[in-house]
Amino acid sequence: MKIETTTLKKVLRSLSITQEEEMTCGECFQQVDMYVDMLRDGKSPAEVLPLVEHHLTLCPPCREEFEALVVALRAVDEDSEITD
Amino acid sequence: MTQRTNAEWLEQLNDPKDDQALADLRKILLRGLRASLSNRINTDLDAITEDFVQDALLKILKSLDTFRGESRFTTWAQKIAIHVAYTELRRRRWKDISLQDITETAEGEVFAPAFLTDPSTTPEREASQNDMLQVVYDLIDTELTDRQRTAIVSILQGGMPIDQVARKMNTNRNALYKLIHDARKRLQQALMDSTGFSAQEVLAMFEQ
């Protein structure tokens, strides 16, 4: 197996934030809507849902879907404001 | 559009379904998904979004009893639509790339084992950084199982998303996350045992 120098550094970076207890992608998916709604309501979800916050830092696909969800909801909210 | 509470959404989307509620939800999902996909998809955005929303609606209607009421109903539904769309886009992007393509080829500089380099020719700091990378390289080689090594290198070196690596390894995303989490914890401990430094301390040597 060929391992690049930059990959070794990425491994080190991921080890530096590895926790004993972490959430799987499925567990994060179950709670990410609650996390996003707290953000929309101006609350601090990282304090209430620290494992979701941590998982989003470590898992690019879950992070990608979280960011897409924020964009999607913002667009819907903006439309509602215009309609209202 | 009618504003609905979570309870009203559930009542109107369960049988017998209220056509107006279904049409409103579809409109919300279309608007949100279109916005999130607009900087990813250049052609046929409307048609592709329509297809994803159709698939998502079926999934949402089948999963209504799993909605726990911990968020707004529309946030929960949009989450499912995003997941349906992005999972499929990742599948399409990576379907023709094998794990072997990633683990047996490298686009960047391949790490050279230390015995190939002469430490006396490199400055002291660079030499100690190379020593640490050598330790990490050796630990990946000796402490991890083949599956753990393949998964970690595919994700961190190849950039393949975990769900697509899972698909190619005939497992699921959650099981693979646990496999990788176990691997990271094992490497963390092995690094401490062999160097006396934590991963944060070793990383700091590179970031000074």
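This is a predicted model: local features need pLDDT of at least 70, side-chain atom pairs count only at pLDDT 80 or more; totals for chains, interfaces and linings use all residues.
The contact between the chains draws 41 residues from chain A and 53 residues from chain B. On the side of chain A that touches chain B, the elements that give two or more residues are α1 (5-16), α2 (25-40) and α5 (60-83) of chain A, and α5(A) gives the most, with 13 residues. By residue class, this side of chain A is made up of 21 nonpolar, 9 polar and 11 charged residues.

The largest nonpolar core contains 70 residues, of which B:L33, B:A81 and B:V136 touch the most other members. Helix α4 (residues 73-94) of chain B supplies the largest share of this core, 10 residues. When residues up to four places away in sequence are not counted, B:A81 touches B:L29, B:L33, B:F52, B:V53 and B:A56.

Two packed helices are described by the angle between their axes and the distance between the axes. In chain B, the axes of helix α6 (residues 124-143) and helix α9 (residues 173-195) come within 10 Å and cross at roughly 125°, and α6(B) and α9(B) are therefore oblique to each other. The crossing in which α6(B) passes α9(B) is right-handed. From α6(B), the residues B:V135, B:L139 and B:E143 meet B:R186, B:L187, B:A190, B:L191, B:S194 and B:T195 in α9(B), and the residues of this contact divide into 5 nonpolar, 2 polar and 2 charged.

How values were computed:
Residues are numbered from 1 along each chain as its sequence is written. Chains are lettered from A and ligands numbered from 1 in the order in which they are written. Two residues are in contact if their C-beta atoms, placed from the backbone, lie within 7 Å. Helices (H or I, at least four residues) and strands (E, at least two) are DSSP runs, numbered from the N terminus. Ala, Val, Leu, Ile, Met, Phe, Trp, Tyr, Cys and Pro count as nonpolar, Asp, Glu, Lys and Arg as charged, and the others, Gly among them, as polar. A nonpolar core is a set of buried Ala, Val, Leu, Ile, Met, Phe, Trp, Tyr and Cys residues joined through C-beta atoms within 7 Å. A residue is buried if 20 or more other C-beta atoms lie within 10 Å of its own, exposed if 12 or fewer, and partly exposed in between; C-beta atoms are placed from the backbone. Axes are lines fitted to C-alpha atoms, for helices over the stretch in contact, and angles run from 0 to 180 degrees between N-to-C directions. Angles under 35 degrees count as roughly parallel, over 145 as roughly antiparallel, 65 to 115 as roughly perpendicular and the rest as oblique. A crossing is left-handed if the near helix is turned anticlockwise from the far one by less than a right angle, and right-handed if clockwise.
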